[in-house]
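Thanks for coming. I will walk through one structure, one region at a time. Please have the sequence and the model open.

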Amino acid sequence: MGPGRCLLRPLLRCCRAAPAAVPPPLPRGAAVRGPLSAALRLWAPQRPPGRGEPPRTGGGGRTAGGDDDDDDDEEDDEEEDEDVEELLGPSPLGPVAGAQRVAVVQPAVRWGPKKPQLTTAELQIAEAVALVDTLPNWTVLDKIIIPTKNPDKKFVFGKGNFDVLTEKIKKMPHVTAVFLNVERISSITKKELEDAWGVKVFDRYTVVLHIFRCNARTKEAKLQIALAEIPLLRSNLKNEVSQLDQQRGGSRYIMGSGETFMETQNRLLKEKELKIRHVLEKLRRKRSLLRTQRRKREFPVISVMGYTNCGKTTLIKALTGEAGLQPQDQLFATLDITAHAGYLPSHMAVIYVDTIGFLSDLPHNLVESFSATLEEVAYSDLIVHVRDITHPETVLQKASVLSVLKNLNLPSHLLESMVEVHNKVDLIERYEPTEENALAISALHGHGLEELKEEIEKKILKATGKKILTIKVNLQGPQLSWLYKEATVQEVEVMPEDGTAMVTVIISNSAFGKYRNLFPSSAFFIP
């Protein structure tokens with residue numbers, strides 16, 4: 001049922017020549033109701049009810065325990081939840097509890113093929129510091145940039161520079177950990193660095209994983225993090241086996257099992273990985289079903305994407321007026337997809353989707369683990385790419401985001417129709433975008449938002465094959481009822497003197513073709 005239908009009936013009864021009310025932009029703090037609210041509920045994270053939670057309401061107003069089938073489903077959910085809780089136990093990779101006082105070390109490749117493009121060591125270490133600052137009770141005590149020719153070698157640095165770095169670290173007695181800002185170090189290298197420096201050593205992969213672990217709220221996000229940990233656990237296992245061999249004098253078999261310790265641990269890791277993938281696949285199928293139900297409601301979906309901390313959530317709050325959204329000035333504040341209702345200038349209802357932020361130099365395994373979440377982007381009608389145009393690495397950040405999007409195998413039309421938004425222009429005097437078709441905005445202060453909404457509406461109408469029309473209908477005929485069923489009625493202006501109404505609708509090309517075949521004498525106008 002279209003949003004104007006309940007408003008039309010009293011108008012017809014009273015025969016007043018007035019337009020039916022149209023959905024205004026959501027006022028701050030207002031609740032979303034009706035079909036749009038139902039569509040948003042289909043985005044809610046799938047959580048089985050825990051102990052002490054109220055029963056869930058079924059689609060017909062019944063509780064989830066209203067019949068035997070629902071009881072069986074709830075029992076299955078509780079069993080599945082117990083299995084998931086077992087998979088999500090304390091991580092063996094998590095840093096030691098309590099505060100960490102960190103020295104951040106940045107390898108600087110000044111020349112050769114390993115020299116990074118579009119960035120500098122100073123900018124890289126600044127982002128590394130921002131990662132550490134994101135973690136609760138972690139403090140950066142010192143930042144060290146050390147030259148190297150090849151950061152992929154075993155100890156990252158040459159012998160001379162490694163000795164200089166070791167001396168510096170040992171002169172910092174308050175440091176409890178070193179964050180070596182490289183993508184990944186092997187478990188053997190990690191052990192030898194920790195022996196040399198006398199403190200814990202973390203690489204970029206481990207730190208980002210820990211941030212994800214701290215920020216994960218839903219079961220799916222936690223499972224994806226657990227899946228991303230498996231390769232690290234396998235890598236660490238080799239080092240553990242080597243140590244055990246030395247302690248046991250070469251005896252590596254578990255008593256009477258016929259399995260070596262390494263074989264047993266590898267088998268357990270494989271079993272854990274299969275269980276996690278099985279649960280994630282069930283969640284993916286459930287999400288696919290919800291996606292099908294959402295598409296039946298025909299609300300266009302707009303995925304808002306960008307480098308971490310670029311202002312995605314702030315922009316969605318500005319576009320929707322949703323007071324409950326609380327943007328945070330930190331990296332990876334959003335790990336789960338969330339959906340928010342808004343309206344475009346034509347009063348078309350749309351759903352904005354807030355997605356996980358991107359980061360440069362993220363290992364493939366980490367991106368792959370979150371592919372289930374990012375899969376939703378492929379089914380959106382439009383992508384809005386938000387850039388922090390004030391960031392010194394904004395060009396590199398754009399390249400990182402586009403690289404990940406291309407690797408997601410998104411439909412070509414999504415990449416081609418993408419809207420690029422340059423955010424935070426209030427911090428740059430008289431900013432003008434140099435990229436073609438980019439829109440300059442300030443999500444915080446509202447600058448440029450109307451132009452952005454108009455651009456989004458234009459792209460959405462094209463992507464969904466819809467058009468906005470005003471159609472003159474005879475109130476005694478079936479046209480109005482048909483339009484409510486097959487299109488989205490935006491406004492109805494009743495003209496009681498001749499028993500007609502001017503109906504503004506958003507209608508697909510196929511539906512409009514059917515309408516013209518059914519009602520060839522009906523007049524229509526393009527606003």
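Strand S5, residues 301–306, pairs with strand S7, residues 349–354, in the parallel sense over four bridges. Helices and strands here are DSSP runs, H or I of at least four residues for helices and E of at least two for strands, numbered from the N terminus. Two strands pair if DSSP finds at least two bridges between them. This is a predicted model, in which local features need pLDDT of at least 70 and side-chain atom pairs count only at pLDDT 80 or more, while totals for chains, interfaces and linings use all residues. Residues are numbered from 1 along each chain as its sequence is written, and side-chain values use heavy atoms, with hydrogens and water left out.

S5 also pairs with strand S8, residues 382–388, again in the parallel sense, over five bridges.

Is S5 enclosed or open to the outside? Six of its six residues are buried, so the strand is largely enclosed by the rest of the structure. Buried means under 20% relative accessible area, exposed means over 50%, and partly exposed is in between, with a 1.4 Å probe and protein chains only. In a regular strand the side chains alternate between the two faces of the sheet. On one side of S5 the buried residues are Val-301, Ser-303 and Met-305, and on the other they are Ile-302, Val-304 and Gly-306, so both faces are covered.

Four strands form an open sheet in the order S12-S13-S11-S14, with antiparallel pairing. Strand S12, residues 488–495, and S14 stand at the edges with a single partner strand each, so one side of each has no neighbour in the sheet. Seven bridges join S12 to S13, and Thr-488 stands opposite Ile-506 in S13.

Helix H17 lies across S11, S13 and S14, and runs at about 140° to S13. For angles, axes are lines fitted to C-alpha atoms, for helices over the stretch in contact, and the angle runs from 0 to 180 degrees between N-to-C directions.

Contact means heavy atoms within 4.5 Å.

Now a helix pair. Helix H5, residues 159–170, and helix H6, residues 187–197, pack at about 55° with their axes 9 Å apart. That makes H5 oblique to H6; under 35 degrees counts as roughly parallel, over 145 as roughly antiparallel, 65 to 115 as roughly perpendicular, and the rest as oblique. Among the residues in H5 that meet H6 are Phe-162, Leu-165 and Ile-169, and the H6 side includes Leu-193 and Trp-197.

Last, the cysteines and the totals. A disulfide is a pair of cysteine sulfur atoms within 2.5 Å, and the count is zero. Cys-310 is buried at 1% relative accessibility, whereas Cys-214 is partly exposed at 29%. The chain has 17 helices and 14 strands, and 47% of its 527 residues count as buried.
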